[in-house]
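I opened my notebook and went through this model chain by chain. Here is what I looked up, in the order in which I looked.

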Amino acid sequence: MAETNQTLEVGDMMSASDEGQQYLTFILAGEEYGVDILRVQEIKGWDSVTHIPNTPEYVRGVINIRGTIVPIIDMRIRFDIEQLAYGPTTVVIVLRVQGENGDRIMGVVVDGVSDVYNMSDEDIKDAPDFGSAVDTKFVKGLATVNEKMVIILDIDHMLNSQELNEVDSVVE
Amino acid sequence: MSIDISQFLVTFYEESFEGLEIMESELLNLDVGAADNETINTIFRAAHSIKGGSGTFGLNAVSDFTHVMETLLDEMRDGRRQVTQEGVNILLSSVDVLREMLTALRDSAELNVQRVAATKQQLDTLLGGDAVSSEEKPQAEQAPVESSFQLWAIDFRPHLDMLRTGNDPVRMFRELSDLGELNATVDVSGLPAWDELEPEESYLNWKLALDSDKDEADIREVFEWVDDECDLNIHQAAGLFVEAQHEEAAPVQPLATPPIQDKTDTVAAVGTNAGSAKEPARKPTASGDTSIRVSIDKVDELINMVGELVITQSMLSQYGEAEKIDTAGIERLRDGLGQLERNTRELQESVMRIRMLPISFAFQRFPRLVHDLSSKLEKNIQLKMSGEQTELDKTVMEKIGDPLVHLVRNSLDHGIEKPDVRREKGKPEQGTVHLNAFHQGGNIVIEIIDDGAGLNKDKIIEKAVGRGLLVEGEAVSDEQVHDLIFHAGFSTADTVSDVSGRGVGMDVVRKNIRSLGGTVEVTSKVDIGSTFTIRLPLTLAILDGQLVKVGTETYIVPLISIIESLQVKMDKVNTVSGKGEVYRLRDEYIPVVRLYHVFDVEPDGRELTTGLLVVVEAEGEKVALFVDDLFGQQQVVIKSLETNFKKVGGVSGATILGDGTVALILDVKGLMGLYQKQTPARDLYLVKSSDAAA
Amino acid sequence: MATILAVDDSASMRQMVAFTLKSAGHQVTEACDGQDALKKAKGNKFSLVLSDVNMPIMDGIALIKELRAMGDYKFTPILMLTTESTGEKKQEGKAAGATGWIVKPFNPDQLLATIKKVLG
C-alpha cells in the first residue's frame, strides 16, 4: 500500500520568529485547536490502520512509522463529535506525549492542519467552561489569533488517560 | 603523576567472580581421598589472582582474607597439608564470603562483617596459628634516615653470566648516582685475551665511590636483583673523595608508597542475629550487567557477513542504475535480491548468535546448591547435568535462573524422598536430579527430571477442591491435575519448609517463564518421579509465525504453539448450548474460538466450513482458532505494543509486514483467557467427555 | 619510547599495567599466559618483558626459560611480577634467567619507576 500523501516534516511549516512559543493549530469540527510545536514529530496523511481488539473506539488502531508501532486516536470519536469520513484532507498529527514512564509517540486524526503561530504565555488566557467539545481539563487555555479563538490543548493530560495506559485486566 | 586505575575495577570484579565460580566447582570436584594436584593448583591460582588483584586495587580486607585461603591452598598443593572434607567445607564457605565481600564492594552495599570474621576465624584456626596479617608490604620501605653524608666504598664484581639475566651495570650505576655522587673506577684485570673473549660474559669489575647520605640498605637495594650473580662488598670509607658539595641528594625513587586509597571495605555491619545464617541471595555472575563477552570468532563471522552484504548491495545498485531494464536485467535483479535475502538471513543468524551463551552459565550454580541442600535435608542426592553447551540468549538465561532454582529446589525438597523411604520402596538410596538442555525446533528445552515420589494426584485434587478450583467429583485428566500445581497459592507441602513450598513459587515460576515467551509443564508418575519441561524461544526478538487472515486483518500465530491446521468437517462439530462449540479431533474435544468474534472484526465468512481451523496449544490446553485463510509462514520481528500504547489481551506484540502494514501477534494463552471470559463456561476444556458425548 | 610485553592471566591486571605504561608513552602488547606470550614474542623485538608467575598453560618461570633460549631475548630485561607468598619463585625466576622482579601489589607509580630504572 503505497502512501499517496506526503509526510510533512514540521520544519516545512515554521515561520521565523523569536518571541514566545510556537503552536501548530488544527481544525476539528469547526473549532481551532493548538499544540506546542515542539511536541509535533510529523504530520501525515491518513492511511489505513491495523485495528486493535478490546480498545476504546476512539483508538482506531496502530500504524508503522519507520519501524515503531504508533497508536492512532480519532479526536472526533474521543470527544463525542459526529464522525466524519476520512478523506484526502484528513490529517494525522504525530505527537510526542510525556508520561510517567517516559515519552510515547501517538497520532491524532484531525480534520485539517491550520497554521503555526507565535504565542507567548501571556497570550494564553484561562479557559472558562464555555461548552467546547473538549473537556476543559484537557485545555491549557485560550488564545486569540487574528481575531480567531484558538483552544490550546494539554496533550500530556489528554493522551495519558487511564484507558490508554492501564493493562487490561483480562490479560491475567 | 597519579594514574586512576579504578576504571579497571569492573574487569577485576568480573574476573574475580568467575574465579570464585571456578574455585567452587573445583572444590566440589575435589576427591578428598585422592586429591588431584592439578585441581588444587587451579583453585590456588584463582585465589592467588584475586589476592593479587585486590591488593593492587587497594581492597585490603579482601586481600587479607584471600591470603589465608591462598596459604592453605599452597600448603595443600605442595603436599604439606592434607586435603580434608573439613578443609574443603571451610574453603567453600570462604568462597561464599568472598563473593559477598566483593559484591558489597562493587555495589556499595552492606556487608555482614560478622560472617566474614567468623569464617576468617575458621580459616585461621585451620591454618593453625594466628593469621599472618596483611604482610603485603611494598618493597622495603626505608624512611631515609637523616644520616649525614658518608663516603661508601663499593666493590662490585659481577659474575661471568650476570649479563645473561638482562642486568646491566650501567643501570645500577645510574641508580647509585641517584643516591649521591658517584665515581667509578673500572678494573679490567679480569679480561681474557681477545681471542678468548666471550662478548656475552662479564669480565669487568668496578670499584665505586659513593658520597651519599643514604644508608647501606639503600645501597644494597640497588643490587638486589643481582644478589646471586655478583660479589658485592660495601663499606664505609674514611678519607676524602671529591670536594664535598653536599647538595641535596637526588630523592630516591619512592619505591614504597602507601597503597592506593584504602576502599572502605568495612561497610556498615548488618545487624543480624548471628544464629540464623540466612543464605544470602546469590546473584549469578551474569546478573543484569549490560555487557557481554563475545568470542572473536563470532565477531569475525559477523564482519564477513557484512562484507558480503556490501557486495550484494553494490551489485544491486549497479543493476538498478541501468538505463533500461530488460528481461535479462530483471533476471539479474532477481538473482541479486535472492542473494540479498541470503545475506540478510545469515547476518541475522550471526547477530543472534552473539547474544547466545551456553546454558552452563545458568547451570553452574547447581552442583553447589544440590550439595548444600541435600545435606541440609539429610537426603542423598546426586546431580546429573547434560547439554550444558546448549546455547540461548543471554537475557533469557539471566531470567531463567531463578525459576530453575525454584524447580530444582522443589525436586530436592518435595520430589526426592529420604533414604529410608526410598529403601522401603525398593529404590536406590541415592536419588538423582537430572538437568538436561537441548534445542528443539526454534526453541531451547530444559528438563528437570527427578526419580522421586512423583506428584500426589489425590492430594492435589483435595487441595484444589478446597480452593474452589475444582468441583468435588469432577472428572479430570492426570495432565490437568498436574497442571494445577502452577496455580497461585498452591502448595501441598504439609509443612512449609524454608527451602520452598511457601506456595508462592510455582505460579510465579510459570509467570516468569511465560513472560519470556516460554512454557512450563510437568509430567509425573507416582513413586517413579517427575519431569518439569521448560520451553523457551531462542531469542526474544524474533518469532516464527504463521500468517492467518480474518476478514481484512492479518494476524500472526506463533508456530511453536500450532499443532495442526485443518478444514472443518461439520459432522465433527458439536454445539453445547450455552457453552459454545467444540470440534472432535481424533479422541479429543477442542473448543472452537471464532477469532472474528473475539477481536470484533468482520470476517469473510461466518460458516465454519468457509474457513479453516488452526489448532493451537498452550500449557496443556488446546483450542481451535477459526480463521478465513492461511497465508505463508515467516520469521517476524517482534515489535512492542507497549512502547507507545499498552498491553492488549490476547496479543503479545506486533510486527511490520513486508508491505509496511502492522500485523498483531497472537498470544495463545491470553486468547484462551479472553475466550473464556466471553463465554460463560468456566472450564471449557471439561466440556469434552461429559457434555459433548450427550 | 619502549615496546613492552605484559603477561598476566588476570585481565584487570593487564589492563592496569597496559594503561599505566601507555600513558607514559610506551607501546604495550598484552598476553594472557606463557604460551600466548611466546607466540607474540617471536617476530617482535620487545625491549622489556613483564610477566606474572602463576599462569595456566605455561607459567612465568617456563616463559622466562623459553625467552632466554631465543636469540633475540638473551639480554632483554625480563621482570617478574611476584607476591611475597611466592618468595621462592623469585629465586626460581632468577635461576631461569629473570632480570629482576616487581612485588605485588604495586601501584602505577611504582611500576613506572621500576620500568624507568631498567630502561634508562
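**Where chain B meets chain A**

I started with the contact between two chains: 27 residues from chain B and 26 residues from chain A take part. Two residues are in contact if their C-beta atoms, placed from the backbone, lie within 7 Å. On the side of chain B that touches chain A, helix H17 (595-599), strand S21 (651-656), strand S22 (662-666) and helix H18 (668-678) of chain B each supply at least two residues. I noted that H18(B) gives the most to this side, with four residues. By kind, the residues on this side of chain B are 12 nonpolar, eight polar and seven charged. Here Ala, Val, Leu, Ile, Met, Phe, Trp, Tyr, Cys and Pro count as nonpolar, Asp, Glu, Lys and Arg as charged, and the others, Gly among them, as polar. Helices (H or I, at least four residues) and strands (E, at least two) are DSSP runs, numbered from the N terminus.

**Ground rules**

This is a predicted model, in which local features need pLDDT of at least 70 and side-chain atom pairs count only at pLDDT 80 or more, while totals for chains, interfaces and linings use all residues. Residues are numbered from 1 along each chain as its sequence is written, and chains are lettered from A and ligands numbered from 1 in the order in which they are written. I also wrote down the model's scores, ipTM 0.84 and pTM 0.51.

**Chain A**

I found three helices and 11 strands in chain A. Of its 172 residues, 30% count as buried, which is the label for a residue with 20 or more other C-beta atoms within 10 Å of its own, the C-beta atoms being placed from the backbone.

**A sheet in chain B**

In which order do the four strands of the open sheet in chain B lie? I read S2-S3-S1-S4, with antiparallel pairing. Strand S2 (180-187) and strand S4 (230-236) of chain B are at the edges with a single partner strand each, so one side of each has no neighbour in the sheet. Two strands pair if DSSP finds at least two bridges between them. Strands S1 (residues 150-158) and S3 (residues 205-212) of chain B are joined by seven bridges in the antiparallel sense. One pair I looked up is B:Asp155, whose bridge partner in S3(B) is B:Lys207.

**Chain C against chain B**

Next I turned to chain C, where 37 residues are in contact with 36 residues of chain B. H1(C) gives the most to the side of chain C that touches chain B, with eight residues. That side divides into 15 nonpolar, 15 polar and seven charged residues.

I checked the confidence too: chain C has a mean pLDDT of 87, and 97% of its residues reach 70 or more. pLDDT is the predictor's confidence in each residue, from 0 to 100.

**Helix H5 of chain C**

Which residues of H5(C) are buried? I listed C:Pro108, C:Gln110, C:Leu111, C:Thr114, C:Ile115, C:Lys117 and C:Val118. Their cover includes H6 of chain B, together with H1, strand S3 (48-52), S4 and S5 of chain C. Just after H5(C), I saw that C:Gly120 takes a positive phi of about 85°.

Definitions and conventions. A residue is buried if 20 or more other C-beta atoms lie within 10 Å of its own, exposed if 12 or fewer, and partly exposed in between; C-beta atoms are placed from the backbone.
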